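User: I want to learn how to read ring and helix packing in a model. Can you take me through it step by step?

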Amino acid sequence: MPVTCGIVGLPNVGKSTLFNALTQTAAAAAANYPFCTIEPNVGAVPVPDPRLHRLAAIGKSAKVIETQLGFTDIAGLVRGASKGEGLGNQFLANIRETDAIVHVLRCFEDDDVTHVEGRVDPVADAETVETELMLADLESLEKRVPALTKKAQQGDKDAKVQASILTQALDLLREGKPARLAEPKDEEEARALRLAQLLTTKPVLYVCNVEEASAASGNAHSAAVAAMAEKIGAGHVIVSAAIEAEVATMEPGDRTEYLESLGLSETGLARVVRAAYALLGLHTFFTVGPKEARAWTIKKGTKAPQAAGEIHGDFEKKFIRAETIAYDDFIAHNGEAGAKEHGRLRAEGKDYVVHDGDVLHFLTNA
């Protein structure tokens, strides 16, 4: 899975329950004690997109293939993880390999479920994890930046770029701020910051795990998280992991009625997946034919040849042009033939930036 989100949080906040519901498996052991998840569990989750099924119906496609997002369930973090407490070193190594952080926060009261800190305070929990990530990044950069600075002074151009942006990140961390606040002056510095794989440069989505009664509208705890997320520019979603676990075991036909009885129009997990997808700056394009209708994932700003390369590497190398129909035009004109008849099919070249929802057919050299 090329794009993955790491599910993190303190022990006993519902990470593994959420992961199990996401992947509809029991791959992660959900139990009421710290570190029940030791090895990271990885699962691929379809990205809900009703557009794909509408396209498939028009295209009379025999098969529908959704695009997917990867989720990794990572062992619970405790205070002192940056110094190796608990399973800290493993936790930090696992999260470094993910593209984004899905931070599950306990937003429910339950005397039967132990809280590692002895109280329910999701904002404080978020700060605990963020602090550990900042301390890990700080330790890493304090070792790396002096060597890069020395190389830069000796005339190494790459080192000069890295030293510039990573020094800025180091200064932020020393002030108790995450490295994501660093401001690269050009694409070279932006690339150097990405390659540094700092934990606090990863985008964050807070998942507020609430009790069943608060699944539709949230509670005071989730409201506090929402305020924090807005302040720091992070995303947030309200779910009840217990409800999601129940829904995951149901037949599709029973799910809608059950959710409606709780005042929900869709699962919280659908919102988590979509929010994570948006958090990562991803777009979807479609291919539609009699054999299959398929959704493909690309980064915002991807040009047509690189989008073609998602289907097959040779398509990028041998790209000629892309026949493009916007989703709305495909629907309005009942497919490719109608869109072409009404002048809504366009031939786009190598510089075309693919838009979310584009229906594409790539022409390549033999």
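Analyst: Start with a charge over a ring. This is a predicted model. Here Arg-51 lies over the face of Tyr-327, 5.9 Å from the ring centre.

User: What lies over the face of Trp-296, and at what distance from the ring centre?

Analyst: Arg-294 does, at 4.2 Å from the ring centre.

User: How is a pair of aromatic rings described?

Analyst: By two values: the distance of the centres and the angle of the planes. In this structure, a search of the whole model finds three aromatic pairs. One of them joins Phe-285 and Trp-296. Their centres are 6.3 Å apart, with 15 degrees between the planes, and the pair is stacked.

User: Where do Phe-285 and Trp-296 lie, and what does the pair tie together?

Analyst: Phe-285 lies in strand 8 (residues 282–288), and Trp-296 in strand 9 (residues 292–299). The pair therefore ties together parts that are 11 residues apart in sequence.

User: Are Phe-285 and Trp-296 buried or exposed?

Analyst: Both are buried.

User: Why is the pair of Phe-285 and Phe-362 edge-to-face?

Analyst: Look at the angle. The planes stand at 90 degrees, so the pair is edge-to-face; the cut-off for that class is over 60. The ring centres are 6.0 Å apart. Phe-362 lies in strand 12 (residues 359–364) and Phe-285 in strand 8, so this pair ties together parts that are 77 residues apart in sequence. Both Phe-285 and Phe-362 are buried.

User: Which residues do the ring pairs link into a cluster?

Analyst: Phe-285, Trp-296, Phe-319 and Phe-362.

User: Now helices. At what angle do helix 8 and helix 9 pack?

Analyst: Read the angle together with the axis distance. Helix 8 (residues 241–248) and helix 9 (residues 252–261) pack at about 155 degrees, with their axes 10 Å apart. Angles over 145 count as roughly antiparallel, so helix 8 is roughly antiparallel to helix 9. The crossing of helix 8 past helix 9 is right-handed.

User: Which residues make the contact?

Analyst: From helix 8, Ile-243, Glu-246, Val-247 and Ala-248. From helix 9, Arg-255, Tyr-258 and Leu-259.

User: How many helices and strands does the protein chain have?

Analyst: The chain has 14 helices and 12 strands. Of its 366 residues, 49% are buried. Among contacts with a separation of 6 or more, 68% come from residues 24 or more positions apart.

Conventions:
Residues are numbered from 1 along each chain as its sequence is written. This is a predicted model: local features need pLDDT of at least 70, side-chain atom pairs count only at pLDDT 80 or more; totals for chains, interfaces and linings use all residues. Side-chain values use heavy atoms; hydrogens and water are left out. Rings of Phe, Tyr and Trp (its six-membered ring) pair if their centres lie within 6.5 Å; planes under 30 degrees apart count as stacked, over 60 as edge-to-face and the rest as tilted. Helices (H or I, at least four residues) and strands (E, at least two) are DSSP runs, numbered from the N terminus. Buried means under 20% relative accessible area, exposed over 50%, partly exposed in between (1.4 Å probe, protein chains only). A charge sits over a ring if NZ of Lys or CZ of Arg is within 6 Å of the ring centre and within 35 degrees of the ring normal. Axes are lines fitted to C-alpha atoms, for helices over the stretch in contact, and angles run from 0 to 180 degrees between N-to-C directions. Angles under 35 degrees count as roughly parallel, over 145 as roughly antiparallel, 65 to 115 as roughly perpendicular and the rest as oblique. A crossing is left-handed if the near helix is turned anticlockwise from the far one by less than a right angle, and right-handed if clockwise. Contact means heavy atoms within 4.5 Å.
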